[in-house]
Amino acid sequence: MSIRPRLGAEVPELTARVARASNPAGTTAMWVRDRLDGLWEDEDFAGWYPRDGRPGISPAQLATVSVLQFLLDLSDRDAAEAVRCRIDFKYALGLELDDPGFHHSVLGDFRERLLEEGRADRLLDLALARLKEAGLVRERTTQRTDSTHVITDVATMPATSDDRQALAGIHSRLERRGLLPGEHLTDGGYTSLVHMERVSREHQVTLTGPLPGNRTRQHRHQEGYARDDFRIDYDRQEVTCPQGQVSKGWHGPYPTSSPDAAPLIVARFTKEQCQPCPARAACTTSGDGKRTVGFPPRELLELQVRNRADQQDPAWRKRYAVRSGVEGTVCELAHGHGMRHCRYRGQPKAHLQHVLTAIAVNIERLSQLPPGENPAPRPPTAFQDYLDQHDIKRLRSWRAVS
């Protein structure tokens, strides 16, 4: 099957006139045509089809129908019927009013073609490129994971995988699309010292999120000597304890079992140093009576100390509170578009569903904005109205501090 040349990309005059008369305010499908010129062109799919063979239906039209199908939660039969019957679909696809459409099985065949050679991600690349050309998404802004106002990457991972395993792939794909953020807000499931250092060095992106706290017994109970009470001298490879004793051994850095965890340097104190110490009970409870201190290399330790200090800064908390908006997006995807209910079996098909849903949600959100305007603020909740009526100050975010 080869690509059939389209008669023209312009919307037929009669179709446009009827669509405008029946939908004066427009629809999302009509916005795709007006603002994005249909999202795709047949030339974008030229490499997906052989040069000879029976002419097929326009792949650009099929891609648009597939996205609108997931936008409106339509089955293949319902989507094909919408192409035949709905004026705004004909407008979006540039069809004559008497166009008979196509059989619903064509959509399944098109999805099978999208499953080959990473074409689902290529479809998202093309859609984001159109959005970028239209000035609706930009590079080096602040982005949030697990979601933003415009979802810019889609990664389908097994339920048993660690979120941190997805981070390198996310940044690589964003760099390829020219949509790397300046600051990337994530939750604690994505952050680690290794990732923070690597993404800053390789992509010049600031990864912002909470690092795990100090898990030592002394720090948890707020008693005794924790690691931060020891003075580390990287140049002389020595560690000095609060009682003035200098370590007798410096080993590592040792690689850890997880590629996401920082390598570890271990400094050791001897029995002769620890057993006579009057503060030994506050320092160690090990059976051999000696203390060891583990810590990452210098640049990672400085990053860790700086991050933990930032987390106590009200300005950092206020900036990071922006990420709380992702929960509404997750809810919208899960309950409004059935993201957690997979239509198909197998991870590749699930990923294709996620990509089509992401593109659909993007155009649904952006279509609600007048050209050139930023997203309108959400209307206040009933509780916020109550606070306003009683002159009670409400914060920009309840996670922020005044």
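1. In what follows, buried means under 20% relative accessible area, exposed means over 50%, and partly exposed lies in between, with a 1.4 Å probe and protein chains only. By that cut-off Gln-61 is buried, because its relative accessible area is 11%. Gln-61 is found in helix α3, residues 59–71, where helices (H or I, at least four residues) and strands (E, at least two) are DSSP runs numbered from the N terminus.

2. The model is a predicted one, in which local features need pLDDT of at least 70 and side-chain atom pairs count only at pLDDT 80 or more, whereas totals for chains, interfaces and linings use all residues. Residues are numbered from 1 along each chain as its sequence is written, and side-chain values use heavy atoms, with hydrogens and water left out.

3. As to overall form, the chain holds 17 helices and ten strands, and 44% of its 402 residues count as buried. Its radius of gyration is 28 Å, whereas a compact globule of 402 residues would have one near 21 Å; the radius is taken over C-alpha atoms, and the globule rule is 2.2 Å times the number of residues to the power 0.38. The C-alpha trace spans about 95 × 65 × 30 Å along the principal axes of the chain. Gln-61 and Pro-276, which are 215 residues apart along the chain, have their C-alpha atoms separated by 81 Å.

4. The covered face of β10 carries Val-293 and Phe-295, while Thr-292 and Gly-294 lie on the uncovered one.

5. A further open sheet has three strands in the order β3-β4-β5, and here the pairing is parallel. Its edge strands are β3 and β5 (206–208), each pairing on one side only, and its neighbouring strands are turned by 20° against each other on average, direction ignored. Three bridges join β3 to β4 (residues 183–185), and Gln-143 stands opposite His-184 in β4.

6. Which residues lie nearest the centre of the second largest pocket? They are Asp-146, Ala-155, Thr-156, Tyr-190 and His-354, out of a lining of 32 residues. A pocket is an open set of points, on a 1 Å grid over the protein atoms alone, where a 1.4 Å probe fits, with protein on both sides within 12 Å along at least five of seven lines, and lining residues have an atom within 4 Å of a point.

7. The volume of the second largest pocket is about 1,000 Å³, a volume being the space filled by probe spheres set on the points, which are joined across faces, edges and corners. Strand β3 (142–144) and helices α8 (167–177), α15 (326–336) and α16 (347–366) each supply at least two residues of the lining, and α16 gives the largest share, four residues.

Technical notes:
Two strands pair if DSSP finds at least two bridges between them. Axes are lines fitted to C-alpha atoms, for helices over the stretch in contact, and angles run from 0 to 180 degrees between N-to-C directions.
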